[in-house]
Amino acid sequence: MLSIAARRLLLAIVALASSSCAQLPRSAPTATEVYAIRYGTLSNFPVASLIAGADTARRLDVALMIWLVKLPSGRNVLVDAGFYRDKFLQRWKPSDYQRPADAIRAVGLRPEDITDIIVSHVHWDHMDGLDLFPRARMWIQRAEYAHHVDDAGRSRDRAVDSLDAAMLGDLRRAGRVQLVDGDSVEIIPGIRVYTGGRHTFASQYAGIDTPSGTVVLASDNMYLYENLERHVPIAQTLDPVSNLAAQDRMRRLAGSERLIVPGHDPQVFARFPVPGGGVARIR
Ligand SMILES: [Zn+2]
């Protein structure tokens, strides 16, 4: 039997421990939360590179984004990781730029808090930042990996930059790459990935179960809201017919059309203005 004094001490310790837990800014949410996080802008981007057949005179300041899913289980899942290597910064000169690992501070997270990263496809502006997140497990389609990167970590084609291919090879050797086999796979409870967008060989997008309904994070399988609203394929696709079919499918998967999040549209932050400061809560 504990003495009364010892029991009081124990109760005080338990109370202290639970109150300090409640105050942790990184505590898991009670229901799944989805955010778009902006880490930069590419100014004057030709819209004809995004929307098939668009007027070649049109220009748009496109948003550079990553997406975050905070799960009640405590896992913090990114969709894509942006870029940070000098080579790309020098060539593309983004404005309002911050490293993706710094951009997640706006939602109270540190790079080591990211547990998983879904790699939508191998392009530099979505994959280059993977190694900024030291504890994350990477989820990429097996067919995407095999088509664009060889077993020695060399790029097989121009879709993937040689530096990024080498990095992905290193991550794989370190046991941090999980290859996903095909379409409609629930890789994490509440998160399912889909193929067929054909932005690259086996580009994938994600459907997230949330209290508002399924949120679809399209990444570059749908660049802008305009693709969906005018029913036009993306300009950079291996197969426009498949790309349109994937966009139609996103409509069926999503809880509502407004919950489909395009890959580079600055409108995301106007349609979802909360909490602001380059962060959009999707719900
Ligand atoms: Zn891309």
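The expected span of a helix is 1.5 Å times one less than its number of residues. Helices (H or I, at least four residues) and strands (E, at least two) are DSSP runs, numbered from the N terminus. This is a predicted model: local features need pLDDT of at least 70, side-chain atom pairs count only at pLDDT 80 or more, and totals for chains, interfaces and linings use all residues. Residue numbers start from 1 along each chain, as its sequence is written.

**Overall build**
- The protein chain has nine helices and twelve strands.
- The radius of gyration, taken over C-alpha atoms, is compared with a globule rule of 2.2 Å times the number of residues to the power 0.38.
- For 283 residues, a compact globule would come out near 19 Å; the protein chain has 20 Å, which agrees.
- The C-alpha trace spans about 80 × 45 × 35 Å along its principal axes.
- Of the 283 residues, 41% count as buried (20 or more other C-beta atoms within 10 Å of the residue's own, with C-beta atoms placed from the backbone).
- Take contacts in the protein chain between residues at least 6 apart in sequence: 63% join residues at least 24 apart. Two residues are in contact if their C-beta atoms, placed from the backbone, lie within 7 Å.

**Helix 6**
- Helix 6 (residues 162–173) has twelve residues. Its first and last C-alpha are 17 Å apart, close to the 16 Å expected at 1.5 Å a residue.
- Its buried residues are Asp164, Ala165 and Leu168.
- They cover an arc of only 100 degrees around the axis, so they sit on the same side of helix 6. The arc is that of the directions from the helix axis to the C-beta atoms.
- The buried residues of helix 6 pack against helix 4 (124–127) and strand 6 (177–180).

- Strands of a sheet pair through backbone hydrogen bonds, either parallel or antiparallel. Here, two strands pair if DSSP finds at least two bridges between them.
- Strand 9 (residues 205–210) and strand 10 (residues 213–219) pair in the antiparallel sense over five bridges.
- Gly207 stands opposite Val216 in strand 10.

Note on methods
A residue is buried if 20 or more other C-beta atoms lie within 10 Å of its own, exposed if 12 or fewer, and partly exposed in between; C-beta atoms are placed from the backbone.
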